[in-house]
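I opened this entry to record what I looked up. I wanted notes on a sheet and on a chain interface.

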Amino acid sequence: MKEEPDIICIDGGSTDSGPFYLGTGTSKYSRDICKSEWRTLMLARAQAGVPLVIGSCGTCGSNDTVDWMYDITIELAAELCQSLRITKLYSELTADTLTHALSAGRLSALKPAPEIDDESIGSCTNIVALAGAEQIGAALATGADIILAGRTTDTATISALPIARGEHSGASWHGAKIGECGAFCSSKPSSGVIFIEFDREGFTVEAMADGAKCTPHSVSAHMLYENANPFILYEPGGYLDVRSARYVALDDKRVRVEGAKWQAESNYRVKLEAARIGGYQTTMLALIRDSRYVKNASLWVSRLAEFCKDKISECTSLSPADYSIDFRLIGTNASLGAVENRNGHPVELGVLLIITANSQATASDLSRIINPFLLHYPLTDNEDLPTFAFPYSPAHCERGAIYEFALNHLLELDDPMDGFILRTSEVSYG
Amino acid sequence: MAILGEKVSKIRSKNAGPFWITVDVFCGSREVFDEVRERLSNATVSQLTSVDASLIKRFEIESLSVLKFSFPRIEVQGSRFDRDMHGAQIATLFSELEL
């Protein structure tokens, strides 16, 4: 707080935890943890008297998770006796908006992208557009103390203010990318906070934690992080090009960066994310300790899979397209599957069976059919039946709906605010 | 050179969005970087990952002594046959690679 920041920014979401959160419009994080950390930030905001911005509220940045974050904010405002102007930025889109955009030729596919049509768009449970500097800038212009934004690019909460103030556009985006994971660009990645000062020529990044350092290496290396291309970063309305960026150490804690360029594009496009139900799952886990079975597990599991397929077609009206049964050998290749290239000699193996079908009832029925064979299936036809270990009862576990990412597309907008909604309200507990 | 992971300072892999994985090979010195750059071809990466070589994006970042490879996920993140939600295990294939 001694540095007197003009804004406090935090990124509250990601697709990194998988499609479930966007699919259900829920947060991955514990509400208690969010509230506790948000309390610290709300206190810091009150002390600094500057806007506090969170992007991608509640992991996925759906309208529901923006509202979830709003409820937490209101509770805290009451507890902390704060009076606040709060702006919510919603970035969810309806399927109708997208099907119209599809027929108007306003959707473009990134590589690789799922095939889409009106039906697949209609099947999405949540669709969000990633807000950029323009939408966050519009939220800032409402004069809000706190901005709760739906899905937003990792960088835009940070870049919006320097851009609005006319600082160097390349530096605004570049500094935002460097700061998007806080102290990840320093020698103490887990220490949380980073301070960035923007100006007309570049930016200076400073490590905040005791003993933390920022070096040209630690700072420039952050361009690699979760980024397919370390030199070019696409954002709404254009892209950042850091190929001619220069990183200079000012001292142990501070690095000066200049030279990045922002290339604006003539058509304004935002990236979309969406998820839909990809089936219903039931899982089972069996443990194999018998050394002969451990040694021949791959053969055993391929025999078992074949047997299960036949058994299911014999006993049910399901066709193979209606379900999948996926055996994963934990201790053999459960992490890497077909590209695993090492063989080991484990003491025991886990057999994780993942059954996916069009309904939960079907998935669980299949697990009941497979259950005795997962427990007793022999390695050869002419031997006594083994018994493996089931670690719990019931042996099956219903996982509910699973979701899948359904879009990797851009949407062209006439106006950056098309489809985005701003809602400002005031609460008074001061 | 023997095992890649013993030669370089760090190798990590991670999702770059739901549809891509990116692998960063931090060589630690210019000397190692030059050696790895020569020996770690896209064809080798293709063989290791089963990703078609034409889909592999390769970046050689001299200033950081880093080689970076980005490629589409064979199973989209979180889809029913995906095995690794965050894509971090593919780095071990690189670490254990004998060049």
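I worked on a predicted model, where local features need pLDDT of at least 70, side-chain atom pairs count only at pLDDT 80 or more, and totals for chains, interfaces and linings use all residues. Residues are numbered from 1 along each chain as its sequence is written, chains are lettered from A and ligands numbered from 1 in the order in which they are written, and side-chain values use heavy atoms, without hydrogens and water.

**Sheet**

I found an open sheet of four strands in chain B, ordered β1-β2-β4-β3 with antiparallel pairing. Strands are DSSP runs of E, at least two residues, numbered from the N terminus; two of them pair if DSSP finds at least two bridges between them. β1 (10-15) and β3 (57-61) of chain B are the edge strands, each pairing on one side only. I then took β3(B) with β4 (66-72) of chain B: they pair antiparallel over five bridges. Here Arg58(B) stands opposite Phe69(B) of β4(B).

**Interface**

I looked up contacts (heavy atoms within 4.5 Å): 36 residues of chain B touch 40 of chain A. The two chains bury about 3100 Å² between them, 59% of it on carbon and sulfur atoms. Buried area is the accessible area (1.4 Å probe) lost on putting two parts together, summed over both. On the chain B side, Phe19(B), Arg80(B) and Arg83(B) lose the most area to chain A, together 26% of what that side buries.

I checked salt bridges (a Lys or Arg side-chain nitrogen within 4 Å of an Asp or Glu carboxyl oxygen). The rule finds three across the interface of chain B and chain A. Lys14(B) forms one with Asp16(A), with the closest N and O atoms 2.9 Å apart.
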